[in-house]
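Trainee: Please take one part of this model and go through it closely. I would like to know what surrounds it and how the neighbouring pieces are arranged.

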Amino acid sequence: MEGFGLASPPPECLTSGRRLTNAAERKAAGIRLAEQNQAGASIPALAKAARRSYGLIHTLLA
């Protein structure tokens, strides 16, 4: 995760190949991503670090 400006790795529920169907997991992931986004990490950087799409990260942040 070096070079992405992330304070911590993405939430476990964001691991690639795993669906986010649980509302509590989606909310927790959104909160952690929002913290990292506010700390300066861009949405593309978060998406690349989590190996998820820009659209998913954007949706979780909304």
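Mentor: A nonpolar core here is a set of buried Ala, Val, Leu, Ile, Met, Phe, Trp, Tyr and Cys residues joined through side-chain atoms within 4.5 Å. The model is predicted. Its largest nonpolar core has 12 residues: Leu-14, Leu-20, Ala-29, Leu-33, Ala-41, Ile-43, Leu-46, Ala-47, Ala-50, Leu-56, Ile-57 and Leu-60. At least two residues of this core come from each of α1 (23-38), α2 and α3 (54-61), and α2 gives the largest share, 4 residues.

Take Ile-43, which lies in helix α2 (residues 43-50). Its relative accessible area is 16%, so Ile-43 counts as buried, the cut-off being under 20%. Leaving out residues up to four places away in sequence, Ile-43 touches Asn-37, Tyr-54, Ile-57, His-58 and Leu-61. His-58 is 15 residues from Ile-43 in sequence, yet their C-alpha atoms are 6.8 Å apart. Ile-57, with neighbours within four places in sequence set aside, is in contact with Leu-14, Leu-33, Ile-43, Leu-46, Ala-47, Ala-50 and Arg-52.

Now the two helices. The axes of α2 and α3 come within 9 Å and cross at roughly 115°, which makes α2 roughly perpendicular to α3. The crossing of α2 and α3 is right-handed. On the α2 side, Ile-43, Pro-44, Leu-46, Ala-47 and Ala-50 take part; they meet Tyr-54, Ile-57, His-58 and Leu-61 in α3. By class, this contact of α2 with α3 has 8 nonpolar residues, 1 polar residue and no charged ones.

Notes: Residues are numbered from 1 along each chain as its sequence is written. This is a predicted model: local features need pLDDT of at least 70, side-chain atom pairs count only at pLDDT 80 or more; totals for chains, interfaces and linings use all residues. Side-chain values use heavy atoms; hydrogens and water are left out. Buried means under 20% relative accessible area, exposed over 50%, partly exposed in between (1.4 Å probe, protein chains only). Contact means heavy atoms within 4.5 Å. Axes are lines fitted to C-alpha atoms, for helices over the stretch in contact, and angles run from 0 to 180 degrees between N-to-C directions. Angles under 35 degrees count as roughly parallel, over 145 as roughly antiparallel, 65 to 115 as roughly perpendicular and the rest as oblique. A crossing is left-handed if the near helix is turned anticlockwise from the far one by less than a right angle, and right-handed if clockwise. Ala, Val, Leu, Ile, Met, Phe, Trp, Tyr, Cys and Pro count as nonpolar, Asp, Glu, Lys and Arg as charged, and the others, Gly among them, as polar.
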